[in-house]
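Me: Please take a close look at the ligand site in this model. I would like the contacts first, then the pocket around them.

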Amino acid sequence: MQLSGLEMRILSEVKKDRWYTPEEAEEETGMSRDAIVRGVYSLREKGLVELDEMERISYELTEEGKEVVENGLPEERVYRFIEEKGEVNIREISKKFSDEVARISLGWLKRKNSIEIRDGKVIPIRYPGTEEIDGLKKVMSGESLNNELFAVLKKRGFIEERKAKELRFRITADVELEKEDLIGDLNPSILLRKSWKGKKFLGYDARIPSFVIYGGKIHPYQRIIKEVRKIFLEMGFTEIKGEYVQTAFWNFDALFQPQDHPARDMQDTFYLREKVEIPRDIALRVGEVHETGGMTGSTGWGGKWDIETAKQLVLRTHTTALTIHYLAMNPEPPVKAFCIDRVYRRESIDATHLPEFDQIEGVVMARNVGFVHLLGTLKEFYMRMGFEVRFRPGFFPYTEPSVEAEVYVPELGWIELGGAGVFRKEVTEPLGIKHRVLAWGLGLGRLAMLKLGLKDLRALYQPDIHWLREVPVCLW
Ligand code: PHE
């Protein structure tokens, strides 16, 4: 029988008739795990080794499971609401939460005998049990739990299976080692010394499983950011950058957003304590347009425009604050600029909302451009990203006409991804911009979610090593 050096080494260094995992054999022989696995598979082909391949199943918490451990079960929240009210209509619960949360929670509350439903009214009886949470904590620490609870956790999507292959082997036969020294791995010294001369090479067996090697790679979200940047650069745009902290003036006023606009509310925007000075001439011109329309032919918003309000510092709520400032500093055509950057809004965190997220902002200012060029530019961008886009009428205080861009995703349908429009005269004139400006602000997180097939925006920021390893470098 012909044996390779590797096979001979395994046969001579690993004890006969004892089960080994590759790790144990590694420890005993000092050979690498990968080499051992390769060797034992080829020894099996020769009938010298018995192999036992098992699939080991382990369980891990899903995103939803982790959230439940952190914030409690949805039915707890719903129950507290019901208890507070004494008794409530099912409709009211749907309104307060969502239809889905209401339906699922009421189902569990009934099953847990926590409520009674009479004539469409929900009556609280007792606080729902939370054994799911204890169960999840056990799963996290690797403790075992009873089958019934386990099934519930699986059914509710709180845990998911992970499969791993486990291998054991046993050397079964003594062989007269016929010493034929085959070359297994070619290395530089064999080549340099020409010691391959007169020797045979060990054939490769492509059926032998090998270990998956996860190479280092750029984070998928970063990769998508790079892709977006490349597309705009290739389309002839210049990338601009700016400060996270902006004055309300550039974030709102210069964009003809009235000073009593709800988006400027403390509820929606993060304000800083400080104020700073703003360019007075520009500010007064902008203020006049707010009050009376100035020279633009518009009637403005009426009322009094307050320069102090415009000096207030905010965490920028959109990257339009950067493009408008850039245009004011560069009022001569042509301008084609974009930025990909972080913005901040007061949002409660859930699967599709985060208080910080990234936008893809862009402007085109040139002689003789118009609405169709805007639609064409966005269409081109999304096409290069691999999406089909369509437009719906939209509204922004600073653009007319305005549109919302939606992309088509199989199974999900049309998903809204951002806004765009042609800047109004009320925006451009006080800044001395004489030509039409096409502008857009698109969501990057959602786009990334769709490209990566994620269901939860938060997943983009979580260090989930399994996902990071397995997510393909080349998407589609
Ligand atoms: N700033 C808008 C947003 O954050 C998007 C937008 C940008 C709309 C430019 C029109 C023009 O949603």
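Reply: A polar side-chain atom of His318 lies 3.0 Å from a nitrogen atom of the ligand. The side chain of Thr320 also has an N or O atom 2.9 Å from a nitrogen atom of the ligand. Taken alone, the ligand exposes 330 Å², and 91% of that is buried by the protein (Shrake-Rupley areas with a 1.4 Å probe; for residues, only the protein chains shown count as cover).

The model is predicted: local features need pLDDT of at least 70, side-chain atom pairs count only at pLDDT 80 or more, and totals for chains, interfaces and linings use all residues. Residues are numbered from 1 along each chain as its sequence is written, and side-chain values use heavy atoms, with hydrogens and water left out.

The shell around the ligand has 14 residues, of which His318, Thr320, Arg345, Gln359 and Tyr398 come nearest (near means a heavy atom within 4 Å). By class, the shell holds five nonpolar, seven polar and two charged residues (Ala, Val, Leu, Ile, Met, Phe, Trp, Tyr, Cys and Pro count as nonpolar, Asp, Glu, Lys and Arg as charged, the others, Gly among them, as polar).

The ligand sits in the second largest pocket, meaning that more than half of its atoms lie within 2 Å of the grid points. A pocket is an open set of points on a 1 Å grid over the protein atoms alone, with protein on both sides within 12 Å along at least five of seven lines; a 1.4 Å probe fits at the points, and lining residues have an atom within 4 Å of one. Strands E11 (356–365), E14 (413–423) and E15 (437–443) each give two or more residues to the ligand shell (strands are DSSP runs of E, at least two residues; helices are runs of H or I, at least four; both are numbered from the N terminus).

This second largest pocket holds about 1000 Å³ of space (the space filled by probe spheres set on points joined across faces, edges and corners). Of its 42 lining residues, Arg345, Phe357, Gln359, Phe396 and Glu416 lie nearest the centre. E14 gives the most to this lining, with seven residues.

Definitions and conventions
Polar contact = N/O pair within 3.5 Å; in protein donor to acceptor, adjacent residues only side chain to side chain.
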